[in-house]
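Hi,

Here is the structure I said I would pass on.

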Amino acid sequence: GTTYLGVLNRSQKQVDIRVPLATHGLRPLLGGDEQHVATAYDVESGQFLRLDTPFTVTMPAESFRLFIARQELGVLWTNSSFQSQPAGATLLTTLRGPAGLPGYAYLACPSPRRVILDGAILNQVEHEPADGLEYLYDAQTGVLLVRYENDPAGHTLVVESRPPRRRRHVA
């Protein structure tokens, strides 16, 4: 699922705040970097990042930051309404928005194998993707970007990936 992490600094000075990710249900993933916990979106900066342990945030005086985090395949940020149906390593998402508004969807995605929009297989590119033809994948953050023209009738996005395995927690 999606985890919303709010970090608050009530102090009148800048501080570094260590966020205990495991306390919020985010544990290291197997099958890769032992410290990698999740993919996140920093709403304030508009940047995507890997949440690694330990996770420390430098916070200005009297400030708040929101991070949206996912450990598995799913939508992180979009300007469309959406409904998703996960099925193992596949995610089926319907994206809807007002006609004439350019649409975008950023997904947390471990190693995409295939990306399909409205029945057409998209090509992976290393630059800003063309609407409905291409997708961009950033392996550093694990974020996949798809662009399209919004449509009230909706678009169907299918993403197939290799899922990460969760580390077993031993008490």
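Trp-77 has Tyr-106 in strand 11 as its bridge partner. Keep in mind that this is a predicted model.

Strand 8 (74-78) and strand 11 (residues 102-108) run antiparallel to each other, joined over 4 bridges. Both belong to an open sheet of 5 strands, with mixed pairing and the order 8-11-16-15-14. At the edges you'll find strand 8 and strand 14 (123-125); each has a single partner strand, so one side of each has no neighbour in the sheet. Going from one strand to the next, the twist averages 35 degrees.

The other thing I looked at is Ser-161, which sits in strand 17 (residues 155-161). Is Ser-161 buried or exposed? Its relative accessible area is 1%, and buried means under 20%, so Ser-161 counts as buried.

What does Ser-161 touch, leaving out residues up to four places away in sequence? The contacts are Leu-73, Ala-89, Cys-109, Pro-110, Ser-111, Pro-112 and Arg-113. With Pro-110 there is also a polar pair to check: a polar atom of the Ser-161 side chain lies 3.4 Å from the backbone oxygen of Pro-110.

Cheers

Key: Residues are numbered from 1 along each chain as its sequence is written. This is a predicted model: local features need pLDDT of at least 70, side-chain atom pairs count only at pLDDT 80 or more; totals for chains, interfaces and linings use all residues. Side-chain values use heavy atoms; hydrogens and water are left out. Helices (H or I, at least four residues) and strands (E, at least two) are DSSP runs, numbered from the N terminus. Buried means under 20% relative accessible area, exposed over 50%, partly exposed in between (1.4 Å probe, protein chains only). Contact means heavy atoms within 4.5 Å. A polar contact is a pair of N or O atoms within 3.5 Å; within protein, one must be able to donate a hydrogen and the other to accept it, and residues adjacent in sequence count only if both atoms are side-chain atoms. Two strands pair if DSSP finds at least two bridges between them. Axes are lines fitted to C-alpha atoms, for helices over the stretch in contact, and angles run from 0 to 180 degrees between N-to-C directions.
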